[in-house]
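Hi,

Here is the structure we talked about. Please look it over before you set anything up.

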Amino acid sequence: MKRSLKSRHIQLMALGGTIGTGLFLGSGQAIHSAGPAILLAYIITGIICFWIMRALGELLMSDLNYRSFVDAIRVYLGPRVSFITGWAYWACWIALAMAEITAIGMYFQLWLPHVPQWIPGLLTLIVLLCINLITVSAFGELQFWFALIKILAIALLVLVGVGMMLVSFKSTSGYVASPENLFNNGGFFAAGAKGFILSFQMVVFAFVGIEMVGMTAAEAENPRHVIPRAINAIPFQILLFYVAALAVIMCIYPWDRLAPSKSPFVMVFNDIGLRGAASLINFVVVTAAASACNSSLYTTGRMLAELTSTSHRPGIRLVSKLSRNSVPALAVIISAGVIAIAAVLNLIMPGGVFTVISSIATTSFLFIWATIIVTHLRYLQSNPPERSFKVPGAPYTDYLVLTFLAFVLVVLCLDKQTLGALIFTLIWFAILAVASLSQPRKQK
């Protein structure tokens, strides 16, 4: 592969992959569950994700020959664990992409209410597939501009919201924009402790994908400089965008009036009478979902190529073959084909696809993150002679992260829908565990 991804590509790639449906669509459900206290849930999760990213960064910097973090898992936990993690990670990003093209179909309903939900998502997927097959730099450039649109839009949204609060703007429904809205309608913890705790399912979903920096190790232009810089910045950038944007939304519009199944951003600007602004925000959320889907195609293609490259069967190894443009084209095409199944699901059950898929993805990512942390602990136990990009507070921060992930796992058991997703994920991991028996027990 070619080292064609620049610092700006990698930083905005992970940022663009994460700021998608979790913020623009999933935040409606999260706000509905916890009320204004959802801001505290985002802050807590953001801090935890910073420690995950630092552990990932130290693993990647320990050996610049790693193609991804799965290579580090293979070295410290063995081929069988890396096999399970790799295939689970591929499936995670497939699920995320399915959620994104589902969201795109839902967003287009504002403009084209009579067009079936599955059509816009499928067409977007086809366009992104064509771009991903060109070169990795073409993908990186598209992702850069996609992410930049989102970042500028969120910054503009925050500024407009602050301006509305300064002039005490009154909506057509009679709601006055004010910070007091965070404490009215039941107080900051309006949904109580239970609502606050249950909200962590959607909050964690908002952060999934931050570890995709670990998939760029083989294509980063200057990995020793670029990757640490991206890892330090991304969690706090995401935290800033989520907390600032959602705080403004709940200040200019009562949180209990937001529908859990709709984008709160579009709903707010639609209901306060700024219909042109609502359409503009809708364009932004469409590009946000397309950006996250673009990241999914990149990640699933590279992971599938890596997983098949070590197969003993020539036919399977063919999947990892690079095109003339140094892109694993067949792996990307296969991944896109699986993602397209979401179009069929939207045809069958357009109302429930997003919640089901997001729950499965969240559950799977808990295991992925836990595996990264356990790998880092094993790395520390190996007493490396030189540690570049050290994790402050390790190994205690690793244990803190594992405790938090266990807490979220318990939260998933408290709701019937998320419990079903957890059971499905456990069955999937059990299947992978059986399949991993074909792998050698130890790293050769």
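Predicted model: local features only at pLDDT ≥ 70, side-chain atom pairs only at ≥ 80, totals over all residues.

Residues are numbered from 1 along each chain as its sequence is written, and side-chain values use heavy atoms, without hydrogens or water.

Salt bridge. Arg 74 pairs with Asp 71, at 2.6 Å from N to O. Both sit in helix α5 (residues 69-77), 3 residues apart, about one turn of the helix. Helices here are DSSP runs of H or I, at least four residues, numbered from the N terminus. Both Arg 74 and Asp 71 are buried (under 20% relative accessible area, 1.4 Å probe, protein chains only).

Cysteines. The disulfide count is 0 (cysteine sulfur atoms within 2.5 Å). Cys 251 is buried at 5% relative accessible area. Cys 293 is buried at 0%.

Helix pair. The axes of α10 (residues 200-207) and α18 (residues 396-412) come within 9 Å and cross at roughly 125 degrees. Axes are lines fitted to C-alpha atoms over the stretch in contact, with angles from 0 to 180 degrees between N-to-C directions. Phe 200, Gln 201 and Val 204 in α10 meet Phe 404, Phe 407, Val 408 and Leu 412 in α18 (heavy atoms within 4.5 Å).

Best wishes

Notes. Helix = DSSP H or I, 4+ residues; strand = E, 2+ residues; numbered from the N terminus. Buried < 20%, exposed > 50% of the residue type's maximum accessible area, 1.4 Å probe, protein only. Salt bridge = Lys/Arg side-chain N within 4 Å of Asp/Glu carboxyl O.
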